[in-house]
Structure formats: structure tokens, C-alpha cells
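Welcome! Please take a moment with the sequence and the model below, and then we can walk through them together.

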Amino acid sequence: MPTVVHLVRHAEVENPANIWYGLLDGYPLSAAGRARAAKLGEFFAGHRLAAVYASRLERAQETAAAIASPHEIDVQTSPEIIEAYTHLEGRPVQSRVMLVVTNVRYFVNPFHPTWGEPYREVAARMVRGITAVRLAHPGEESVVVSHMTPIQVGRLAIEGRRLRPWLAKVPCARGSVTTLVFEDDRWVRTEYQEVGGPGS
């Protein structure tokens with residue numbers, strides 16, 4: 001039997017001031033996020049989940065709880081799958097963030113991103129986290145609720161693809177499910193699905 005690890009990006013966050021929240025506490029799911037999390041719970045209700053993991057951040061824990069509830073299993077917290085640190089944390093989100101004078105030093109060389117935690121470090125810990133889940137539940141399905149950049153970078157690393165500086169072409173919408181399928185110790189394919197959004 002293949003081993004399946006579903007990487008789920010948490011649902012929408014209550015963030016009326018439009019802040020880069022990063023690793024900050026105090027950003028729970030919004031009403032739309034809770035609705036999407038409920039849809040994720042419905043989506044996974046028909047799966048035989050062995051475990052549900054999440055980062056410690058409230059938005060991930062809430063999303064994971066909605067997925068775990070139908071299966072009557074506890075959410076396990078993993079430190080490896082936490083959001084990536086950014087120097088922009090706590091600042092207002094701006095459409096041209098790299099042109100703001102105080103931010104320029106973080107975007108001098110876009111081929112070597114310096115605006116936060118290096119992608120290689122994110123990739124290394126995500127691979128450790130995913131591998132730990134895979135080895136703990138061989139031949140079963142598990143869910144890992146994480147965040148956009150860690151999921152994108154973790155996926156590229158598992159697939160053996162280059163860590164590119166811009167990740168826009170790696171799909172990872174809120175509430176999306178990036179499914180990694182393994183046979184023995186070998187990754188064989190990735191599937192992607194968006195849950196709870198328009199047309200889903």
C-alpha cells in the first residue's frame with residue numbers, strides 16, 4: 001500500500017489590519033476561514049486518516065481540528081512544519097513590498113532571497129517533518145497542516161526540484177491539499193486540489 005501525506009495550507013485568517021503575521025500569535029481563522037476548514041473536514045471525512053499534524057500557530061491548529069474531528073483523533077503538533085520566518089513580520093502588507101526603502105536590503109539579489117528564513121533551511125525541516133510522518137504511518141494516510149511557503153518549498157524538495165526564488169508557479173491556495181504519494185521510501189507523484197473555494 002502507498003503511504004500518503006496530505007499537505008494542507010491553513011484556511012483564511014482574521015487580519016483586518018492586513019499585517020504580515022508570520023510567526024506572530026493572535027491570528028485565528030476568520031469566518032470565511034472557519035467555513036473553509038469545515039469544508040476540509042467534510043473533504044477528509046471519507047478518508048481513513050491515521051493522524052493529523054499541525055504547526056503550533058492558531059490558524060493551523062484550528063484548520064487541523066476541523067479535519068481531525070470527524071475521525072475522533074487528536075491533532076499532533078510538529079515544530080518542523082511551522083511558518084517560515086520573515087523580516088517583514090508585523091509590518092503592513094504592501095503590493096510593492098520590495099520597493100519600500102526599509103525593505104530594499106532584503107531584496108538586493110532575488111536569486112538568493114534574504115527576506116527571512118533561507119529556503120534551504122525551510123526545505124530541510126519540512127523534509128524532516130514529512131519523513132517523520134511517513135515513517136510513523138507506513139501504508140496509511142496522514143494530514144499535515146502547514147503554511148504556504150513551507151508547503152511550496154517542501155514539495156519542491158520532496159520532488160527533487162530546484163528551490164526557485166519566486167514560488168508563484170507552485171500552487172498553494174488557502175485550504176488547498178497537496179498530496180504526496182510514496183511507495184516504500186520513494187516519492188512517486190504529487191496531486192493538488194483546492195477545497196472549499198469557488199467551484200469546489
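## The chain as a whole

Among contacts in the chain with a separation of 6 or more, 68% are between residues 24 or more positions apart; contact here means heavy atoms within 4.5 Å. This is a predicted model, in which local features need pLDDT of at least 70 and side-chain atom pairs count only at pLDDT 80 or more, while totals for chains, interfaces and linings use all residues. Residues are numbered from 1 along each chain as its sequence is written, and side-chain values use heavy atoms, with hydrogens and water left out.

The chain holds four helices and six strands, in the order β-α-β-α-β-α-β-α-β-β from the N terminus on. Helices (H or I, at least four residues) and strands (E, at least two) are DSSP runs, numbered from the N terminus. Of the 200 residues, 46% are buried, meaning under 20% relative accessible area with a 1.4 Å probe, protein chains only. The accessible surface comes to about 10,300 Å², and 53% of this belongs to carbon and sulfur atoms; such areas come from the Shrake-Rupley method with a 1.4 Å probe.

Let us turn to one strand. Strand E2 (residues 49–54) has five of its six residues buried, so it is largely enclosed by the rest of the structure.

Which strands does E2 pair with? E2 runs parallel to E4, joined by five bridges, and Val52 stands opposite Val143 in E4. E2 also pairs with strand E3 (residues 75–77) in the parallel sense, over three bridges, where Tyr53 has Gln76 as its bridge partner. Strands count as paired if DSSP finds at least two bridges between them.

## A buried histidine

His137 sits in the loop between H3 and strand E4 (141–146). Is this residue buried or exposed? His137 counts as buried because its relative accessibility is 11%. Apart from neighbours within four places in sequence, His137 is in contact with Thr3, Ala50, Ala51, Tyr53 and Ser142.

## The cavity

A cavity is a set of points on a 1 Å grid over the protein atoms alone where a 1.4 Å probe fits but cannot get out, and lining residues have an atom within 4 Å of a point. Helix H3 (residues 119–136) gives the most to this lining, with three residues.

About 30 Å³ of space lies in the largest cavity, the volume being the space filled by probe spheres set on the points, which are joined across faces, edges and corners.

Key: On a 1 Å grid over the protein atoms alone, a cavity is a set of points where a 1.4 Å probe fits but cannot get out, and a pocket is an open set with protein on both sides within 12 Å along at least five of seven lines; lining residues have an atom within 4 Å of a point. Buried means under 20% relative accessible area, exposed over 50%, partly exposed in between (1.4 Å probe, protein chains only).
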